[in-house]
Amino acid sequence: MDQSAFTSADEIRTRFSRTMSDMYRSEVPQYGTLMELVAEVNASTLSADPALKADLERTDDLSRIDLERHGAIRLGTAEELSTMRRLFAVMGMVPVGYYDLSVAGVPVHSTAFRPVREENLARNPFRVFTSLLRLDLIEDEALRAEAAEILSRRRIFTDRALALIETFERNGGLTDAEADTFVCEAVETFRWHREATVDAATYRRLNAAHRLIADVVSFKGPHINHLTPRTLDIDAVQAAMPGRGIAAKDVIEGPPTRRCPILLRQTSFKALEEAIVFRGETGEEAGTHTARFGEIEQRGLALTRKGRALYDERLASVRDEGGAGNAGGSYAERLATAFEAFPDDYDTLRREGLGFFRYALTRKGEDAASTGPASLDLETLVRDGHVAAYPIVYEDFLPVSAAGIFQSNLGGQEQRSYAANARKDAFVAALGAPVADEFEVYEAAQARSIEAVRAALRQTRQSSAA
Ligand code: OOG
Ligand code: NI
């Protein structure tokens, strides 16, 4: 079939994220309140900072600035994970990164399904942080077998969703009508079901092993557990949440406030306690479950391996000192102090090889190249203003931050410690495909931009020589 007959993966992803947002706002009204607050803060940040506004107009679609950037789900079996990979592929989302959360006492390992090319990210960067439950970390053998048995019985995808995934794989795309049906059917998998599939006693046993185990095993499907819009000022939203009746997490995860933002900062409101019903011998039994919340994120420069090592080392120095406790606002202060050793201007970050940048020929560079032989040396070109360097935005997640988000939504006291035991091989086997290395993804984007600059210079030279 001719590709032009198909709806683009970017468009399907956009329809999907919009539909998910509508569904989640109707399911979790407090999330709607958070979205409103984010939109207000973004609007006032933009009107107070015309330079930022001009910058964003160049790189982003301002009308979509407040929209969701990610969501998260937790799966129970290898088969669910590999089918989820095929479902996300329809929307141009592929697995990037491996996160071992067992170190933080959460019995899951994860990846992020996301678009990887800059042109696709620019159209819609929506991604889904996807975790797979690690039944191997349940100590009680009988409980482990019982959980596996319960999970083996559920079917989380609709028949039509599965059929359309196959259509996509066979034809290489979906028509507009197929895409619409696909989105409706796919969203069914992430819907909330207040009817647990287990009885109250089973739920309690699973919950006692770990609250997350109960969350994954007791329900019909992997309900979306949060969505995350982008904020331009996370400190302002965090400060304003209590005034809107939103119970914010104690601290913002990730790096401190900086002139040049790096990586990812995120915070959330605490998961809500929701009414559910258990299956009972004599009919339904009422109960409650805590899983769903709202989150916000603010992203900055993607760091190189060297930059990331410095980030991890600085963050660990703060955590080792006294954890992420916020007594007297001291965590934010200690964090800021620890990060004084992290350069905070783009030029130094770039020259020291701490971050990834996208290079582009400037007007001045084009003019210079057409009048004389320009240097092909990148540093010379940047120094002379012939080439500009723009920060590449971090599109992935941070395991320490993710653990903090998990923890604050497990009621705080959930501190089981599993020995650190990443099982990337097992994860990849369950997924049925390798996960991309995030550093290689940024490296490739940076390299493509450098190659484009060189190609443009060579072309200008040739046409001025002719
Ligand atoms: C996922 C928590 C991690 C993030 O933004 O780091 C996450 C979950 O609770 O399932 O979404
Ligand atoms: Ni999240």
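Ligand 1 sits in the largest cavity of this predicted model, a cavity being, on a 1 Å grid over the protein atoms alone, a set of points where a 1.4 Å probe fits but cannot get out. A molecule counts as sitting there if more than half of its atoms lie within 2 Å of the grid points. The protein covers 100% of the 320 Å² of accessible area that ligand 1 has on its own, with areas taken from the Shrake-Rupley method and a 1.4 Å probe. The elements giving two or more residues to the shell around the ligand are strand 1 and helix 17 (399-408), and strand 1 supplies the largest share, three residues. Helices (H or I, at least four residues) and strands (E, at least two) are DSSP runs, numbered from the N terminus.

Residues are numbered from 1 along each chain as its sequence is written, while chains are lettered from A and ligands numbered from 1 in the order in which they are written. In this predicted model, local features need pLDDT of at least 70 and side-chain atom pairs count only at pLDDT 80 or more, whereas totals for chains, interfaces and linings use all residues; side-chain values use heavy atoms, with hydrogens and water left out.

The residues around ligand 1 are His70, Ala72, Arg74, Phe129, Asn225, His226, Gln266, Glu295, Phe397, Ala402 and Phe406, where a residue is listed if one of its heavy atoms lies within 4 Å of the molecule. Oxygen atoms of the ligand meet several polar side chains in this shell. For Arg74, a polar side-chain atom lies 2.7 Å from a ligand oxygen, and an N or O atom in the side chain of Gln266 is likewise 2.7 Å from an oxygen atom of ligand 1. A polar side-chain atom of His70 lies 3.0 Å from an oxygen of ligand 1.

His70 also takes part in the metal site. The protein donors of the nickel ion (ligand 2) are His70 (NE2), His226 (NE2) and Glu295 (OE), at 2.1 to 2.2 Å from the metal. Donors are N, O and S atoms within 2.8 Å of the metal (3.2 Å for Na, K and Ca), and water is not among the atoms, so sites may look incomplete. Along the sequence, the donor residues follow the spacing H-x155-H-x68-E. Distant parts of the chain are linked by the pair of His70, in strand 1 (residues 68-75), and Glu295, in strand 9 (residues 294-299), which are 225 residues apart. Both His70 and Glu295 are buried, that is, under 20% relative accessible area, with exposed meaning over 50% and partly exposed in between (1.4 Å probe, protein chains only).

Another pairing involves two helices. Glu169 is found in helix 7 (residues 159-171), and Arg86 belongs to helix 4 (residues 78-89). Their side chains make a polar contact of 2.8 Å; such a contact is a pair of N or O atoms within 3.5 Å and, within protein, one must be able to donate a hydrogen and the other to accept it, with residues adjacent in sequence counting only if both atoms are side-chain atoms. Glu169 is partly exposed because its relative accessibility is 43%, and Arg86 falls in that class at 25%. Arg86 and Leu431, 345 residues apart in sequence, have C-alpha atoms 9.6 Å apart.

The backbone at Leu263 deserves a look too. Most residues other than glycine have a negative phi. Leu263, although not a glycine, has a positive phi of about 50 degrees. Leu263 lies in the loop between helix 11 (234-240) and strand 6 (264-269), and counts as buried because its relative accessibility is 1%.

Note on methods:
On a 1 Å grid over the protein atoms alone, a cavity is a set of points where a 1.4 Å probe fits but cannot get out, and a pocket is an open set with protein on both sides within 12 Å along at least five of seven lines; lining residues have an atom within 4 Å of a point.
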